[in-house]
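Dear colleague,

Please find below the structure that I am handing over to you.

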Amino acid sequence: MNAYDEYMKEIVKPMRAELLNVGFTELTNAEMVNEHMTQATGTSLVVINSVCGCAAGLARPAVAEALKEVTNKPEHLVTVFAGQDQEATYQMRAYFEEVPPSSPSIAIVKDGKLAYFIPREQIEGFPIEQIKDHLVEVLKQVTA
């Protein structure tokens with residue numbers, strides 16, 4: 001691993017930890033993504049994480065707050081990190097070919113099929129409260 005990769009690995013540790021601390025599992029390679037997407041039943045909340053400010057200041061906090069509010073939580077909480085775990089991110093996006101690549105973004109997958117997708121365009125520039133409320137409403141409908 002070169003100096004840049006080592007530097008970035010250290011820089012993103014707290015960004016990864018924000019989701020891990022609220023129960024997410026990181027999928028860091030294509031095999032992990034395929035295993036999850038082909039074997040997981042029920043509802044998966046998938047966060048495509050990113051180093052950008054809208055991931056740090058909006059997406060990750062909104063997801064954490066939404067999970068505190070919903071009573072029927074998704075059975076699975078998984079994340080891939082765009083720009084860091086490129087193979088995993090590419091593979092996850094292959095499961096959502098109908099939507100353009102976007103990071104950060106939030107996908108709700110039910111029994112292996114994309115049920116809902118919140119792209120960066122519905123995260124960046126919106127208040128945390130609005131993003132959280134949007135996700136809560138979607139999760140209520142999908143997990144009911």
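In this account, two residues are in contact when they have heavy atoms within 4.5 Å of each other. The model is predicted. By that criterion, and leaving aside residues up to four places away in sequence, Leucine 45 touches Phe24, Val63, Leu67, Pro74, His76, Leu77, Val78, Ile106, Ala107, Ile108 and Leu135.

Leu45 also belongs to the largest nonpolar core, which has 25 residues. Leu45 is among the residues with the most contacts inside this core, together with Phe24, Val63, Ile106, Ile108, Ile123 and Leu135. Two or more residues come from each of β2 (43-49), α4 (53-69), β4 (105-110) and α6 (128-143). The most is given by α4, with eight residues. There is also a second, separate core of 14 residues, which includes Val33, Val80, Ala82 and Phe96.

I turn next to the packing of two helices. The axes of α4 and α6 are 8 Å apart and meet at an angle of about 50°. The angle is therefore classed as oblique for α4 and α6, and their crossing is right-handed. On the side of α4, the contact is made by Gly57, Leu58, Pro61, Ala62, Val63, Glu65, Ala66 and Glu69. On the side of α6, Ile128, Ile131, Lys132, Leu135 and Val136 take part. Sorted by class, the contact of α4 with α6 comprises nine nonpolar, one polar and three charged residues. Val63 and Leu135, which take part in this helix contact, are also among the residues that Leu45 touches.

With kind regards

Note on methods. Residues numbered from 1 in each chain as written. Predicted model: local features only at pLDDT ≥ 70, side-chain atom pairs only at ≥ 80, totals over all residues. Heavy atoms only, no water. Core = buried A, V, L, I, M, F, W, Y, C linked by side-chain atoms within 4.5 Å. Buried < 20%, exposed > 50% of the residue type's maximum accessible area, 1.4 Å probe, protein only. Helix = DSSP H or I, 4+ residues; strand = E, 2+ residues; numbered from the N terminus. Axes fitted to C-alpha atoms, helices over the stretch in contact; angles between N-to-C directions. Parallel < 35°, antiparallel > 145°, perpendicular 65-115°, else oblique. Left-handed = near helix turned anticlockwise from the far one by under 90°. Nonpolar A, V, L, I, M, F, W, Y, C, P; charged D, E, K, R; others polar.
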